[in-house]
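Biologist: Can you walk me through this one? I have the sequence and the coordinates open.

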Amino acid sequence: MPLIPMTDSLLRVRDLSVRFRLPEGEVTAVDHVSFDVAPGEVLGIVGESGSGKSQILFSLMGLLAGNGRVSGAAHFAGQDLLAMSPRALDHVRGVAMSMIFQDPMTSLSPYKRVGDQLAEGLIVHKGLSRRDAGREAVRMLDRVRIPDAARRARSYPHEFSGGMRQRVMIAMALLVKPRLLLADEPTTALDVTIQAQIIDILAELAREIGTAIIFVTHDLGVVARLCDRVIVLYGGRIMEEGPAAPLFAAPAHPYAKGLLHATPRIAAPLTPRLETIAGAPRAGGAMLPGCPFAPRCDQRIDICQTTPPPLKAIAPGRLAACHLTGETA
Amino acid sequence: MLRFLTKRAGDGILTLAALVTLTFFVMRLAPGGPFSSNRKISPDILANIEATYHLDEPLLQQFLRYVWGVVRFDFGPSIRFRDYSVADILISGLPYSLTIGFWAVMVATVTGVTLGILGALKRNSIIDYSAGVIAVIGIAVPIFVLAPLMQVYFALTLRWLPVGGWGDSWRNLVLPIVALSLPNIAYISRLTRAAMIETLRENYIRTAVAKGIGGRRVVWNHALTGAVLPVVAYLGPATAAIITGSIVIETIFALPGIGRHFVDAALNRDYPLVMGITILYGGFLIVFNILADILRGWLDPRVRNE
């Protein structure tokens, strides 16, 4: 695949597929997805619920549910994450790759002090003493702007609000100065007023440390604000990929167009109804022979239902998987 | 902590007072009395005896007399065992029941929690199935069936251990302790297994794994607390029940504990002894529930504020 830049990528994912074995049969959640992340780059993965975007992160982290199977390759700093021994993967997760999750209310242990939960990774993976690790934890809590960090480090998670807990999660994820951070809808469960703060703290710290981020979300506003590059996912496949600004200015794939069109804007003139994409998102089930978006696409032609469109270049650095867009480049 | 203890102790005394009142009057509703045996006693003698025990007074007066005794730690004479006070009877039997009960609780907790965790970690393995079989046997087969079988096999056939009785040797204690702990091993292991499986599915466990905290450390350092919390809650009332003795165990193994009085005293209408046993058991229940709550608060900071 010469279309994807091969130079100095931090993470190189090739033909990643995730399948789940369910009582009613096997379901493909992620279907032959390939992409790269450069050091320090912020990549956004957007798509509706069930598009497989979170499962990409879980498979990279080795956190798939028991009935999940992954295939393909994911080279991170030269090693294949998907073929590693559990021990080696623990080490990578401990020092080089972190993850923050969607639900900050349940993602911290209710039984341990926040400071101890932060310090644990440093003690286990970087060999710091309890005291030094504790001091580092307080410093990091201070940097995610938790007021009175030294005292708050001795508090328990239930004494924090949702936004504060997500800051704790960010502090915990960045404490080991990872090279890659996987963020799975970290603001979805938070108040709208707090979302922007969290995003700003995350972006600022990641830039300082030089951490690359894969940011999974369905919030296009967040992507536009934060991401260098964007992947639009539908039915487990990449529909469109490219630098954030041009992709948002002129989306090429009908699904990307629909997604952008369906985002309400405060500045825009009032329409009587919110825009939607017709039909319901694909939720599992058997793979279609053609394009996964074809049943909902208002521009589909016959070939869309029989042959999957290949991902091809439509402009420098931009890729789209649509039978209609190839020729314009 | 001090405020919590004072409040719980106050609640406990109120509960005990309610228990004493209720038991006293409900007990008297039951037909018959301590002297209504088959043997005919002449009315004069009966009146005489009843006067000795103040049973001829109005019920309310008897109640006040009893309560006045209790606050001075005088629990009255046993009617059935003449020449012995209720306190004498309980104090002489309690050490046996406490010893057997204490070890049974220890054995049940350690074995039950261990089996439960192993079962949860290696689901559908040999260990899990064996623990399941033990649990089903322990819960479904009554002690009065298991204990004699154990006597036949370990004492009479193999001759490893004495059949019963209280001796100087620890070997006398083995069979009663095992028999008393079996149903609790069964229950605690099921409780632990379910709680551990549930805890391992929690998001905070996933967070720990994502931090690169490997297999064993996740279980011991992160999941264990969640898995033992239900056991702690169960152990409060269970400990009170176990250490106050079991009539079945004490009868089968011929032990001089207080378990048999629970049934005998009621059947004999030995009113003061029934009251004494009720206060003892109620007191243990209250104390061990407070201890369990303290332990729960120590393990789970969210409980502390309640």
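Predicted model: local features only at pLDDT ≥ 70, side-chain atom pairs only at ≥ 80, totals over all residues.

Biologist: Fine. In what order do the four strands of the open sheet in chain A run, and how do they pair?

Modeller: The order is 2-1-4-5 in chain A, and the pairing is antiparallel. Strand 2 (25–37) and strand 5 (79–80) of chain A are the edge strands, each pairing on one side only.

Biologist: How many bridges link strand 1 of chain A to strand 2 of chain A?

Modeller: Nine, in the antiparallel sense, with strand 1 covering residues 11–22 of chain A. Those two strands of chain A form a hairpin that has two residues between them. A:Arg21 of this pairing stands opposite A:Glu26 in strand 2 of chain A.

Biologist: And how many between strand 1 of chain A and strand 4 of chain A?

Modeller: Eight bridges, also antiparallel.

Biologist: What holds paired strands together, in general?

Modeller: Strands of a sheet pair through backbone hydrogen bonds, in a parallel or an antiparallel way.

Biologist: Which strands does helix 1 of chain A lie across?

Modeller: Helix 1 (residues 53–61) of chain A lies across strand 1, strand 2 and strand 4 (68–76) of chain A. The helix runs at about 105 degrees to strand 1 of chain A.

Biologist: On to the eight-strand sheet. What is the strand order there?

Modeller: That open sheet in chain A has the order 6-7-8-3-9-10-12-11, with mixed pairing. Its edge strands are strand 6 and strand 11 (312–315) of chain A, and each of them pairs on one side only. On average, neighbouring strands are turned by 20 degrees against each other, ignoring direction.

Biologist: Is the pairing of strand 6 of chain A with strand 7 of chain A parallel or antiparallel?

Modeller: Parallel, over four bridges, with strand 7 at residues 180–184 of chain A. A:Met97 has A:Leu180 as its bridge partner in strand 7 of chain A.

Biologist: What does helix 7 of chain A lie across?

Modeller: Helix 7 (residues 192–209) of chain A lies across strand 6, strand 7 and strand 8 (212–217) of chain A, and runs at about 160 degrees to strand 8 of chain A. Helix 10 (residues 254–261) of chain A packs on the sheet too, touching strand 3 (42–46), strand 9 (229–234) and strand 10 (237–243) of chain A. The direction of helix 10 of chain A makes about 105 degrees with that of strand 9 of chain A.

Biologist: Changing topic. Which domains does the assignment give for chain A?

Modeller: Domain 1 is 11–96 + 176–328 and domain 2 is 105–175 of chain A. Over C-alpha atoms, the centres of the two domains of chain A are 29 Å apart. Their contact takes 21 residues from domain 1 and 15 residues from domain 2 of chain A.

Biologist: What lines the largest cavity?

Modeller: 14 residues, of which A:Ser98, A:Met172, A:Ala173, B:Ala210 and B:Lys211 lie nearest its centre. Helix 6 of chain A gives the largest share, three residues. By type, the lining divides into eight nonpolar, four polar and two charged residues.

Biologist: Why do you put the largest cavity between the domains of chain A?

Modeller: Because domain 1 and domain 2 of chain A both give residues to its lining, the largest cavity lies between them.

Biologist: And chain B, how many helices and strands?

Modeller: Chain B has 13 helices and zero strands. Its C-alpha trace spans about 85 × 55 × 35 Å along the principal axes.

How values were computed
Residues numbered from 1 in each chain as written. Chains lettered and ligands numbered in written order. Heavy atoms only, no water. Pairing = 2+ DSSP bridges. Contact = heavy atoms within 4.5 Å. Axes fitted to C-alpha atoms, helices over the stretch in contact; angles between N-to-C directions. 1 Å grid on protein atoms, 1.4 Å probe; cavity = no way out; pocket = protein on both sides within 12 Å on 5 of 7 lines; lining within 4 Å. Nonpolar A, V, L, I, M, F, W, Y, C, P; charged D, E, K, R; others polar. Domains from an automatic or database assignment.
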